[in-house]
Amino acid sequence: MESLIHPGILYTCLALGAVGVALSMPRRKGGFPAVGGLIAAIFFGAIVLALTIKAGENHPNLFFYIFAFLALGASLRVITHQRPVYSALYFILTILSTSALYLLLGAEFMTFALIIIYAGAILITYLFVIMLATQAPSEESPEALSDYDADSREPIASTALGFALLAVMTGLMAVGVPALKAPDLDRNPDAVLDLLPRKVQRAYDTLGVSRHALPLLAGARVEAIIEAGQTDPDRAVPERGAPPEPPPASSYWSQTRRAVLVVTDVEGFNERYQAALAVQRGERAPRGVRPLSRDAMGLIVRVTEDESVSPLVQPTPAWGMLLMEFPESLRADNIENVGFALLAEHPLAIELAGVILLLALVGAVILARMQIEAGEQERLGALGRGGDA
Amino acid sequence: MDSLLTTSLTLAQDTRLEAFAGVTLYHYLFVSATMFSLGVIGFLSRRNLIIMFLCTEMMFQAAGIALIAFSRYWLNHTGEVFVIFVLTIAAAEAALALALVVYLFRRKSTLDADAWMELKG
Amino acid sequence: MIEKLQIIHPEMALFAATCIVLLIGLSGRSALRSACAPLTGVALLAAAWLGLQSPGADSELMQGMPFPGLLPYAKTLIALIGLLILPMLAGTVDRSYEKAVERGEVYNPMRSTRGEFYAFFMLSLIGVMLCATADDLIWLFLALELTSLPTYIMVAMSTSRLRSQEAGVKYFFLGAFGAAMFLYGFALLYGATGSTFLSEIREAMAEPGGAGPMAMLGLVMVIVGVSFKIAAVPMHFYAADVYQGAGTTVAAFLAFAPKAAGFFTLLILLGAVGWTHGPNGDALPPELRVILWVIAALTMTIGNTLALLQTSVKRILAYSSVAHSGYMLVGLIAGPGAGSIASNGLAAMLFYLLCYGVMTTGAFAAIAALERRAADGGREEIDSIEDLRGLCRVYPLVGWSMVVCSLSLLGLPPLLGFFGKLMLFTSAISAGEIVLVVVMGLNSAVAAFYYLRLAGYPLLEQRHDEAESPTLTPAPGRRLAACVAAVGVVALVVFISPLQRASHEATQLTPLPAVVEVKPASEAEVARR
Amino acid sequence: MSLWTHIPGAFSTLAATGVDAGVVDIEMGRPLFLLIPALPALAALLCGLYWALGVKSKFPAWTTVAALAGSFAVTLVAYFEIAAPGLTHVVHGFRWINIAFGAAGGERMLFVADFSLYIDSLTVLWMLFVTGLATLIALYASEYMSDDVGPGYCRFFFAFSLFVVAMACLVMGDNLLMLFLGWEGVGLCSYLLIGYFFKKPSAVNAAKKAFVMNRIGDLGLMIGIMLAFLHFGSLRYEEIFAQVAILQQDGGDLAWTIKAIPYLLLVGAIGKSAQLPLFTWLPDAMEGPTPVSALIHAATMVTAGVYLVARMYPIFLLTPESLTLVAWIGGLTALVAATIGMAQYDIKRIMAYSTVSQLGFMFLGLGVLTSVGAAFHVFTHAFFKAALFLCCGAVMHGFAGQLDLRKLSGVQFMKGWGIVGVAMFVGCINLAGLPFTAGFFSKDMILAEAFTTPGFTALGVIALLTAGITAYYTFRVYFRVFLGPQHFEPGDELHGHDEHDHDDSHGDDGEAKTHDDGHAHDFHPHPPGWAINTVLVVLAVGSILAALAYVFPRETGGWVKGLISTSSAAGAAHHDHEASFFGLGDPHKVMYYVSGVIALVGIAIAWWLHLAGRTTAATSRADAIKQKIGPVGRWAERKWYFDEIYDFLFRYPLLIFSHIFYLFDKLVIDGLVDLFGRSPRSVGAGVRPTQSGGLQNYAMGMAGGLAFIIVVAWLVVWRMSS
């Protein structure tokens, strides 16, 4: 099986990196966090470097390296710092770097959601509880560390175990990634607009286009040509005139990203279009002609290869054809996509999440108000049983 | 710097229809798996209950990175949606865990995980 | 979309009752407060009835699901076992406090935890039902969490003793650890197929090369993570400590609800990916089969051998529940078989889940019905097996319930457990898993040692000291649950035929539309055999 | 897999085309026969009710006796309707399990197990002595257990009746699942009854041992039954036999799974019938009340293994090698148990070992294809062994639990013990195989057949030796206990752990007080009452009359032969007429003389060693006897000398042998059982440290387990792809 990284390199570097992590685990005497962290960073860097060399041109950009380094370094500090408060603060750094990685991956919504929910809400609670449950440093021992914070438990064994797990996981992933099916590149990223008619509707209102054309504009592939005046979009066979050939479907979006649209009953389209062009040039529109709106103009760019405007827009009163590109304002952005996926595909899951949050609320309240019955400890102490047998 | 920033931000926008090659995916997965393992190591070796739970949150985060990377690879948004729910669960678990930890602290005045070893065998 | 809601009618009924119970549990009027348990019972009955009406295999809504006929069986089963556990819960929490209120102390809602307890109980059952309903990994993840989160709190609040808190912290932290594992597995599974919908995952996996290493890694992590819910090796460690530390009634609930959730999860997940391999197209992919095999064999062996050494009844029952998970995994390995009931391992698993639910609830209820004098002068739940001595003579109902349920757990004919095991055996044999059957048979023999202790102490032994011996708790519901379970263990034998048929129909796997190519690897495997 | 497709109609067509060479016609029987299991079930229910009501009288006993007698009567009706004309009836009770399912392709499969009775002559033979003996022994127990009237009494008769129900289910069921149900049922009742005196730890341990050893056998039986279902598509005898008949006609190679069935069934039979190597539970089972020993552990339950082999004889005949194994297991068990029996002093234990030994004879009989001999031996053995046990029980009852043959002597001539002595004598001559007794005939059939069958001569010699030893130890008991100087020491059942009043509520009833008084000065054995005596008389007469079944009716070559030859157990015994007994002629004829002589020799040795000149007089009367035979003092000394020689030459080697076997039993067999019991414990103890209670230790185990399982999965993936 093809592997993305030579197993020898991977396992050697992981083993040596494990040594670094083990070194940096907290000991009663402090340990060697700096040395260990450096060793771990070197060998992890080596693995990423090996990957990047193998990747050739197709490697991530610089920001990936920066934020990945930050995220992992901060994670290491979370588990190695002797003071819980710092651990929590480093975890915030982990979250922030992670959100930057999300941004690099094009998930803007999640980037900000993560920062707000995690760094903003959850981690604050953690900090609060850590403060609550830690003895304040006193005058005599300002550096008082709890024993259980100063010392880690079985650092070498757990590091070995964790890295064994990491080795098998990354090893299997290195084999698994090349074996993945290729993603469907022809898929329309804006397909969600099909299902979000209102936004498109607004655009068309400014264009004055038939409602029957809406699905065509919104849908990625225009495969039907609607005859002039025909109100039933399903009857797609033209009866009159030679329809222009649609471009080949397969590479369509990846190459041109243009939609072929047959616009019916556009009244005075050409005049309004020319008027808008005139407005764009800073001239005055002809009297009595309402220029197309800016949004609609955004739709009409690069009409032909040589960037001239008119040739394909036939001044036929009955129908015209438009080669167009979606304006940025009409592109489905990440938030719309996520929001749609969330609401349209997982509505019950949202309800379920609500139930879980309610449950968590009630549970937390109950745990918070659970009584430690008066005198229980004393009663047990009197019986000579320090705790519960 | 300006151009670099632009590059990174537009990576989200402009290149999204280009192949997010397997190699690049593996970069992100590697980071994710490493974070997961660091979480495991922390859970196994830190004795403070709060830090231990923080480590499980870190493991959740690792799953989040993997989900977003896969979401990018497959050019759909299900992974991102999944992350929202992961955040929800993380929040719910954190609320309960912290309440429990506070309660335990009130009982035994320690956050040491090894303080709870009565039941065994 | 809205018509899809009818598949979660039982859950909706339970959730409505949950909200009401949460509210009236805080009421100042004791009559209203004591309505919590009956209300829960009514809601469970309604859920059972609605569960029966759930869309089955012939419904449009269920087309494309791996097991279109699963819902009516699963939901009714869950609701009915819940109904069996419910009487035990009455009086679990705050009984002394309610007594104090009856004596005239002022009721302070801040000190009562009554309504919430039933609310958590129902929420957890909702989670189990949703696990069986899930058509989506996200949903499945949430449902699993919904099953577990309430149980964490239930364990911690079940008694005011330190050991309950210890059980709570172990259960919660390890549970979160396990949850992270299966969450990562879900992420990888999504990564391998590009979808979280089980139907799409199923199609993607059925394509040539669809079940690649990434999917396998994800599945393995999910299976191991979900092993926590079913207390299977290597995630079984917590079981004994938690069952022992939790109140007995909560332990009974733990022995059923998370386990059912875990098995439904495994069932529908493997339904989405498995049993399309092998020469007959009814086997799991070899790597999954091997790991499930290893898990099953280790689980039964470790569970049974550890149970031998125990003197605490709750620990014995905990390890026995570990071992029973191993038995049920055998059904999962055997797969859907060649269309007949006797060879349908999935039906055997579901049927065994029913048997197991009744038997183990009965055993737990029997010990929950007893209490003894604690060292600090109060009353505490019994735990040691010595406390069972001569029970049949003093409290025949409780004692015989214990005997009958233990013997059934042992698999003694003609009790219910025997037929459950028989079905597992036949399905495993027809799937060719002879070695596993032998392992299971040996384990059943080993299990006889400790089940006979559980049955022999009440029946054959003599009480030592009347003063130190346990007495009945004032909560009659527990006795009721024990008796009902024992009667069920005997009486359900009459109905095994329809029950087995129902479980058979519930596990009819939707055939994939596309022709599945036989993996060359499995041919090589066949050749090696 | 074509066998999977059989549907009920298939059998009838097979029968019509005459393929069923070995199978008789099946008819619907009368529902009346359902009363055979139903009456004891009713009795069990009533006893349970009495128990709940706290009845303190002999009511449970009379209920049980009446129900069992009714059951016996119905069995007689069944006998006259079925066995004499040689019919097979199936009586349909109710549909118990019926799962019919079919794949779309039209293949149908049925998993049917009805609660139906399959009544042929084999069934009737078994049921006759089961119900008959159960009736008698219940009557006996009504007196024997009388010290225990109260809850224990109810419990005893509850389990007793339930046992008969289970036994009926085992013997009369028309499918293997019912057989298994009864099989487990009798095991459970045996467990309950052995552990009846649950205050005695030895009784509880014995109960557990019996249960666990039986579970080992049951596992084999269960797998065997499942394989049978997988192959024959049915568990009903008639369909299995029909298909076996087809297989027999077709010849050819059999699937290994079919060949495995008899071996697996044999494992079950070995467990239940206490054969090598799973026999040690049976002697221990004597901890139970004596009526239980007589009924369950001598006459009925332990013969279930023989029944199983006989019932499934057609399948065994398919793979004759399995029958060879049956024969060897039986022969060796017979010898080993007999030699161990020689060295015992507890008379009940001697009888227990003798039971094991006789069961070995029955297996030997089955193995050498004389199912008639085996069944006949089961029949005669049931009578005389029950009689022997009940006599031992009467002695035990009368002498406060004394069972040591060194502490009892001359019981025969004590006042009121005459009937017991005579019954004991009758039982002993049968067991020893004195000529013209029933035991003599039935043993001869097996012995002769062993010599007739080629390749089994060695087993024949072993069996002959065993017969001699049997005669010896049987009469050792008789001569020591019943003849000779009158002497007795009461047993230890007066010190509080009296088996008769284990129940605290009876700790101070009148009878126990009498015992205490009696013990303080002189102990008066109480001779048996009418119920025990009646039963003993009936059994003794029965044992003698059983011999007639060998001869009459002449046209079928004996009653048992007539019965067996019309049932499924009719083995095709190959009479090798060329065979001869070491050149002396036809073994069947020679055996009468040889075995008769051997029995006599055995008895003579017993007489010589244990009766003649026995001067074990620790009592004052013994001194007088010694005075009387004063001149023989030197002679007595010389006898002592002979004893030494005997010890050295004859008894000693055998004793060593028996001790070796005993050691083998203790070390190897018990060791194996212990291993079976302990190795899981040691595995558990090895795994236990993982349950250290530390949260993070558990987490470490979980993470390590995850890594390990991923590695396993990866290895499989890697192996598949390379």
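**View 1. A nonpolar patch lies on the surface of chain D, formed by Ile419(D), Val537(D), Val541(D), Leu545(D), Leu548(D) and Phe552(D).** Together these residues have about 500 Å² of accessible area. The model shown here and in the views below is predicted. Helix α21 of chain D, residues 530–545, supplies the largest share of the patch, with three residues. Another member of the patch, Leu548(D), is placed in helix α22 of chain D, which covers residues 548–551.

**View 2. Chain C meets chain D through 70 residues of chain C and 60 residues of chain D.** The two chains bury about 6100 Å² between them. Of this area, 80% is on carbon and sulfur atoms. On the side of chain C, the residues that lose the most area to chain D are Phe237(C), Leu309(C) and Leu460(C). These three together account for 12% of what that side buries.

**View 3. Between chain C and chain D there are four residue pairs in polar contact, both residues of each pair being at pLDDT 80 or more.** The number of salt bridges between chain C and chain D is zero.

**View 4. Helix α13 of chain C, residues 286–308, gives the largest share of the side of chain C that touches chain D.** Ten residues of that side come from helix α13. By residue class, the side of chain C that touches chain D comprises 48 nonpolar, twelve polar and ten charged residues.

Note on methods. Residues numbered from 1 in each chain as written. Chains lettered and ligands numbered in written order. Predicted model: local features only at pLDDT ≥ 70, side-chain atom pairs only at ≥ 80, totals over all residues. Heavy atoms only, no water. Contact = heavy atoms within 4.5 Å. Buried area = accessible area lost by both parts, 1.4 Å probe. Salt bridge = Lys/Arg side-chain N within 4 Å of Asp/Glu carboxyl O. Polar contact = N/O pair within 3.5 Å; in protein donor to acceptor, adjacent residues only side chain to side chain. Helix = DSSP H or I, 4+ residues; strand = E, 2+ residues; numbered from the N terminus. Nonpolar A, V, L, I, M, F, W, Y, C, P; charged D, E, K, R; others polar. Patch = residues over 30% accessible without salt bridge, like charges linked within 9 Å, V, L, I, M, F, W, Y side chains within 5 Å. Areas by Shrake-Rupley, 256 points an atom, 1.4 Å probe, with all protein chains shown as cover.
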